[in-house]
Every structure is written in structure tokens, then in C-alpha cells.
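Q: I am new to this structure and would like to learn how to read its features one at a time. May we begin with the structure itself in view?

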Amino acid sequence: MKLKILIAEPSQIIVEGLRSVLHDSPRLEVVSVAEDVAMLEERLVAHHPDAVVINPGLLPYSSQVPAMPGLPEGVFSVALVYQYFEPSYLRNFDAVIDIRESKHNIIAILTSLGREAADKKEGKSDASELTKRERDILVLVAKGLMSKEIAEQLNISIHTVISHRKNITKKTGIKSVAGLAVYAMLNNLMGEQVGAEGRDGETE
């Protein structure tokens, strides 16, 4: 199953760059592009995407309101970030892509959403097995590290850490740090080797 993606971004250079990155993944398909919110609403109806990758600058900015009001049920919202936004605001999105991320990481974040969409359609539980990178981050969260510290230790962006933490919460159903620590201990994860593999070589 391909994850159908709608890109909402006014910069043609960025759109074409993202198209080029995603073109090499057989699991991802860009179905349309929107330059503004009005066009986005039209394209949502016409193309029925599984995910919207959007520049948050197109939306009314407030950390107190949902980032993507009006999305159809089941459509993922992905922030495409190349300027600073409050972490509390970015948490309103299902995932976050930093424009400086490696090609591998961008594809990994979106294919993870694709697997989640496929699992939902097949009626599988969200509590599926964590990836190696998610286990790494879970262990570091359980040890009390903040997202910024985890990003530095694993040599990835803080936005990637946020996206993986969202996936961990969805899969385990656990939101609190204390609860995640208990989960990690019960599943014998605390003794796993955690290390940075570099942006281009990051495992999922």
C-alpha cells in the first residue's frame, strides 16, 4: 500500500526537492500540491490523500489550538519545518519533518505513517513492535533525557525525536515518562546498546 501525500507549500523549489526525495520510495506517492490553505481544501476533496505535508507557516499560529483543523478523519498531518516553531505547537501534528533532515530520515518518517495507516485498515493494534530507533529513544527517555539531549546523543534533529516519541506513544499507549520507564524495564530494553549512526545512516 502506498501512502498518498499532498504537499502544502508555497515554495516551488522546496516542493520539487521534496518530490525528488519521495520519488525513490515505492511506498510513497505525491498525489497533489497546494500553494495555500484555500487550494489545500480543494485538493483534499479531489485527491483523498492519506497524509498532508504542510508548511506550518500557512496556518494561523497558536500553540493553544489544533494545528490542522478540518482534516478528514484518518488523514495524517505532517509539519514541514524550516524555521522555528514552539514545540508545543508542533506536537499538534502527527509527525514533523525538518527540511535539513537526510533523505533517508524523511522517507523513514513518512513510511512509518504508511505502516500505521495500513495497520489501521487491517484492524491491527497500534501496540505493534517498536523499531530499533524507537527503542533507542524509549531507553533514553526512560533514563530521563530531554528531547534535545536525545537528538544530540543520536545525531538527529529534535523534530525527528518528537516524531519518534509520538510513534512510541501510539504503539505503547503510554504518555508519561514514568510509564515509559516501567515499559522499558518490563521489556528488558534498558540494557540495549544505544548509539548514534549519523543522519544519513539512521535506522528506522
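Q: With which sense do strand 4 and strand 5 pair, and over how many bridges?

A: In this predicted model, strand 4 and strand 5 (residues 95-98) pair in the parallel sense, over 4 bridges. One of the contacts can be named by residue: the bridge partner of Val81 in strand 5 is Asp98.

Q: How does strand 3 pair with strand 4?

A: Strand 3 (residues 51-54) also runs in the parallel sense with strand 4, and 4 bridges connect the two. Here Ala51 has Phe76 of strand 4 as its bridge partner.

Q: Are the residues of strand 4 buried or exposed?

A: A residue is called buried when its relative accessible area is under 20%. In strand 4 (residues 76-81), 6 of 6 residues are buried. Both faces are covered: one side carries Phe76, Val78 and Leu80, and the other carries Ser77, Ala79 and Val81.

Q: Which parts of the chain does the pair of Lys170 and Asp94 link?

A: The side chains of Lys170 and Asp94 form a salt bridge of 3.6 Å, N to O. Lys170 belongs to helix 7, while Asp94 sits in the loop between helix 3 (87-90) and strand 5, so that distant parts of the chain, 76 residues apart, are linked. Lys170 counts as partly exposed because its relative accessible area is 26%; Asp94 is also partly exposed, at 21%.

Q: Where do Asp136 and Lys132 lie?

A: Both lie in helix 5 (residues 132-142), 4 residues apart, which is about one turn of the helix. Asp136 is buried, at 1% relative accessibility, whereas Lys132 is partly exposed, at 31%. Salt bridges with shared partners join Lys132, Arg133 and Asp136 into one network.

Q: Which residues form a negative surface patch?

A: Glu35, Asp36, Glu41 and Glu42 form a negative surface patch. Of these, Asp36 is placed in the loop between strand 2 (28-34) and helix 2 (37-47). Asp36 counts as partly exposed because its relative accessibility is 34%.

Q: What is to be noted about the phi of His48?

A: Most residues other than glycine have a negative phi. His48 is not a glycine, yet its phi is positive, about 50 degrees. His48 is found in the loop between helix 2 and strand 3. It is exposed, with a relative accessible area of 54%.

Q: Where is Asn155, and what is its phi?

A: Asn155 is in the loop between helix 6 (147-154) and helix 7 (158-172). Its phi is near 60 degrees, a positive value in a residue other than glycine. Asn155 is partly exposed, with a relative accessible area of 37%.

How values were computed:
Residues are numbered from 1 along each chain as its sequence is written. This is a predicted model: local features need pLDDT of at least 70, side-chain atom pairs count only at pLDDT 80 or more; totals for chains, interfaces and linings use all residues. Side-chain values use heavy atoms; hydrogens and water are left out. Buried means under 20% relative accessible area, exposed over 50%, partly exposed in between (1.4 Å probe, protein chains only). Two strands pair if DSSP finds at least two bridges between them. Patches are made of residues with over 30% relative accessible area and no salt bridge: like charges are joined within 9 Å, nonpolar side chains (Val, Leu, Ile, Met, Phe, Trp, Tyr) within 5 Å. Accessible areas come from the Shrake-Rupley method with a 1.4 Å probe; for residues, only the protein chains shown count as cover. A salt bridge is a side-chain nitrogen of Lys or Arg within 4 Å of a carboxyl oxygen of Asp or Glu. Lys and Arg count as positive and Asp and Glu as negative; His and the chain ends are not counted. The place of a charge is taken as NZ of Lys, CZ of Arg, CG of Asp or CD of Glu.
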